[in-house]
Amino acid sequence: MFYVGDNQNVITWLTTKQAGNRFARFLLLILRLLEVRYGFQLCPFYIRSRHNTTADLMTRVSKALADAAAKELGLREIKDVLPRIGELLDRGYTRRALIW
């Protein structure tokens, strides 16, 4: 299976199956479990995009500009998701796997 994206960090994470960010590490673990369970392998490719106006927008501009762009795109913020994900990541592997 191919994944094509313009975020070099994500491509590196998917290629090496390693990330410094604990949320990304958890998602990579889930990806590996899915690859084994369903018998596929993800092959990431980087493609430079000059026209992707939303890539990194929410992390590289001011909050006011990001909020305006999100409203224009019809996106909404999911509140309090990080503490919930943090609670899940703090559990042992067995308990996490049972939830999924």
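Visitor: Which residues make the nonpolar surface patch of about 430 Å²?

Guide: In this predicted model, the patch is made by Phe 2, Val 4, Phe 45 and Ile 47. Phe 2 has its place in strand 1, which covers residues 2-5.

Visitor: Why is Phe 2 called exposed?

Guide: The relative accessible area of Phe 2 is 62%, and the word exposed is kept for values over 50%, so Phe 2 counts as exposed.

Visitor: What makes the pair Lys 17 and Glu 35 a salt bridge?

Guide: The closest N and O atoms of Lys 17 and Glu 35 are 3.5 Å apart, and the rule asks for a side-chain nitrogen of Lys or Arg within 4 Å of a carboxyl oxygen of Asp or Glu; the pair therefore qualifies as a salt bridge. By this rule the count comes to one salt bridge.

Visitor: Where in the chain do the two partners of this pair, Lys 17 and Glu 35, lie?

Guide: The pair links distant parts of the chain, 18 residues apart, with Lys 17 in the loop between helix 1 (8-16) and helix 2 (22-38), and with Glu 35 in helix 2.

Visitor: Are Lys 17 and Glu 35 buried or exposed?

Guide: Both Lys 17 and Glu 35 are buried, a term that stands for a relative accessible area under 20%.

Visitor: Which residues is Lys 17 in contact with, leaving aside its neighbours within four places in sequence?

Guide: With those neighbours set aside, Lys 17 is in contact with Thr 12, Leu 28, Leu 31, Arg 32, Glu 35 and Leu 42.

Visitor: What is the phi of Lys 17?

Guide: Lys 17 has a positive phi of about 60 degrees, although it is not a glycine. Most residues other than glycine have a negative phi.

Visitor: How do you know that Glu 77 counts as exposed?

Guide: The relative accessibility of Glu 77 is 54%, and since exposed means over 50%, Glu 77 falls in that class. Glu 77 is found in the loop between helix 4 (63-73) and helix 5 (81-90), and its C-alpha is 9.2 Å from that of Asp 67, with the two 10 residues apart in sequence.

Visitor: Which elements of the protein chain have the lowest and the highest mean pLDDT?

Guide: Helix 6 (residues 93-99) has the lowest mean pLDDT, at 53, whereas helix 1 has the highest, at 90. The protein chain averages a pLDDT of 77, and 68% of the residues score at least 70.

Conventions: Residues numbered from 1 in each chain as written. Predicted model: local features only at pLDDT ≥ 70, side-chain atom pairs only at ≥ 80, totals over all residues. Heavy atoms only, no water. Helix = DSSP H or I, 4+ residues; strand = E, 2+ residues; numbered from the N terminus. Buried < 20%, exposed > 50% of the residue type's maximum accessible area, 1.4 Å probe, protein only. Contact = heavy atoms within 4.5 Å. Patch = residues over 30% accessible without salt bridge, like charges linked within 9 Å, V, L, I, M, F, W, Y side chains within 5 Å. Areas by Shrake-Rupley, 256 points an atom, 1.4 Å probe, with all protein chains shown as cover. pLDDT = per-residue confidence, 0-100.
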